[in-house]
Amino acid sequence: MEDEMFDQIVAVFHSLVTWVAAGAMVFGGLVPYIPQYRDIRRTQNAEGFSTYVCLVLLVANILRILFRFGRYFETLLLWQSIIMIFTMLIMLNLCTNVRTATELSTKRRSFIASDSKDEEIRIPKRLFVDFDWSSFWLWSRFLDYMQCVLSFTLMASYATYLFLDSMLFVETLGFLAVFTEAMLGTPQLYCNYQNKSTEGMSIKMVLMWTSGDTFKTGYFLLTQAPVQFWTCGLLQVFVDFTILFQVYYYSRFPQKPVSHTASHTTSAKAL
């Protein structure tokens with residue numbers, strides 16, 4: 001009787017842990033962006049967030065979804081990609097609106113200072129259909145980002161349809177998907193190295209990435225996910241720990257005087 005009750009408690013506990021782990025996998029990736037989203041809305045300043053983060057994550061997760069057509073992986077990971085895509089589109093929409101409002105405000109102040117009229121204020125439009133490489137991913141409307149994402153999705157989908165029977169193509173697709181995401185922290189790593197400092201970088205956020213990436217990699221290993229997933233997961237963890245080492249090293253051995261006027265550069269990984 002007692003053994004039977006104990007088995008039931010273990011089964012309930014196992015189910016609870018499974019649900020918690022599943023929820024963490026699906027929704028854990030968007031958690032670091034919630035405070036960033038709220039901060040941008042509160043301050044109406046998007047300069048501290050690199051929209052190239054959105055580009056990298058959109059590409060990585062679109063490719064991951066296409067990879068599933070060639071090689072099955074867990075449905076939870078599919079939902080994780082779908083939710084991350086919507087999260088990045090929401091961040092892009094907010095950043096575009098804030099940046100446009102900031103440019104308009106700056107123009108208005110300059111026109112007022114020169115005794116000009118508000119109706120003369122014009123903001124140069126940067127459009128996706130202009131195909132100007134110098135303004136790539138710096139467009140004036142959210143619609144242009146959507147056009148770019150849809151164009152990339154259609155082209156990648158068509159290529160996947162044509163070469164779906166090629167195991168080399170499928171495996172390469174899966175590797176590109178997770179490798180792109182794994183490289184998300186390297187711009188910050190390089191930036192810290194160039195500046196010889198981690199000033200302006202949120203250590204709390206790096207710790208969140210490290211714990212999340214460690215959990216995710218462990219999940220990949222335990223669920224026997226495709227080798228691309230856990231290999232690049234280990235690479236992500238390595239990059240995170242390297243950034244944390246930079247924090248320790250540059251705080252113990254400052255390479256240059258601390259500048260109180262330095263701009264607060266946030267990570268390309270999602271600050």
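Of the 271 residues in the chain, 36% count as buried, where buried means under 20% relative accessible area, exposed means over 50% and partly exposed covers what lies in between (1.4 Å probe, protein chains only). The model is a predicted one, with local features needing pLDDT of at least 70 and side-chain atom pairs counting only at pLDDT 80 or more, while totals for chains, interfaces and linings use all residues. Residues are numbered from 1 along each chain as its sequence is written, and side-chain values rest on heavy atoms, with hydrogens and water left out.

As for secondary structure, the chain holds nine helices and zero strands, and reading from the N terminus the elements go α-α-α-α-α-α-α-α-α. Helices here are DSSP runs (H or I, at least four residues), strands likewise (E, at least two), and both are numbered from the N terminus. Among contacts with a separation of 6 or more, 74% join residues 24 or more positions apart; contact means heavy atoms within 4.5 Å.

The unreviewed UniProt entry lists residues 12–34, 46–66, 78–98, 142–164 and 227–250 under "transmembrane region". UniProt positions are given in the numbering used here with feature names shortened, and such annotations may be inferred rather than shown by experiment. In the model, residues 142–164 come out as 91% helix and 0% strand, with 32 Å between the end C-alpha atoms. For residues 227–250 the figures are 100% helix and 0% strand, and the end C-alpha atoms lie 35 Å apart.

Next comes the packing of helices, starting with H3. The axes of H3 (residues 52–70) and H5 (residues 142–162) come within 10 Å and cross at roughly 30°; axes are lines fitted to C-alpha atoms, for helices over the stretch in contact, and angles run from 0 to 180 degrees between N-to-C directions. H3 and H5 are therefore roughly parallel to each other, given that angles under 35 degrees count as roughly parallel, over 145 as roughly antiparallel, 65 to 115 as roughly perpendicular and the rest as oblique. Their crossing is right-handed: a crossing gets that label if the near helix is turned clockwise from the far one by less than a right angle, and is left-handed if anticlockwise. On the H3 side the contact involves Leu58, Val59, Ile62, Leu63 and Leu66, and on the H5 side Val149, Phe152, Thr153, Ala156, Ser157 and Thr160. By class that gives eight nonpolar, three polar and no charged residues, with Ala, Val, Leu, Ile, Met, Phe, Trp, Tyr, Cys and Pro counted as nonpolar, Asp, Glu, Lys and Arg as charged, and the others, Gly among them, as polar.

H3 also packs against H6 (residues 167–182), at an angle of about 150° and with the axes 8 Å apart. The two helices, H3 and H6, are therefore roughly antiparallel, and the crossing is left-handed. H3 brings Val56, Leu57, Ala60, Leu63, Arg64, Leu66, Phe67 and Gly70 to this contact, while H6 brings Val170, Glu171, Leu173, Gly174, Leu176, Ala177, Thr180 and Glu181. The tally for H3 with H6 is 10 nonpolar, three polar and three charged residues.

H6 in turn packs against H9 (residues 227–252), at about 20° with 9 Å between the axes. That makes H6 roughly parallel to H9, and their crossing is right-handed. The contact draws on Glu171, Gly174, Phe175, Val178, Phe179, Glu181 and Ala182 of H6, together with Gln228, Phe229, Cys232, Leu235, Gln236 and Val239 of H9.

Most residues other than glycine have a negative phi. Phe131, in the loop between H4 and H5, has a positive phi near 50° and counts as exposed at 65% relative accessibility. Trp137 sits in the loop between H4 and H5 with a positive phi near 60°, but Trp137 is buried, at 1% relative accessibility.

Asn97 belongs to H4 (residues 75–113) and is partly exposed at 45% relative accessibility. Its C-alpha lies 7.7 Å from that of Arg141, 44 residues apart in sequence. Gly29, in the loop between H1 (2–27) and H2 (33–43), is partly exposed too, with a relative accessible area of 25%. Between the C-alpha atoms of Gly29 and Lys216 there are 9.5 Å, although 187 residues separate the pair along the chain.
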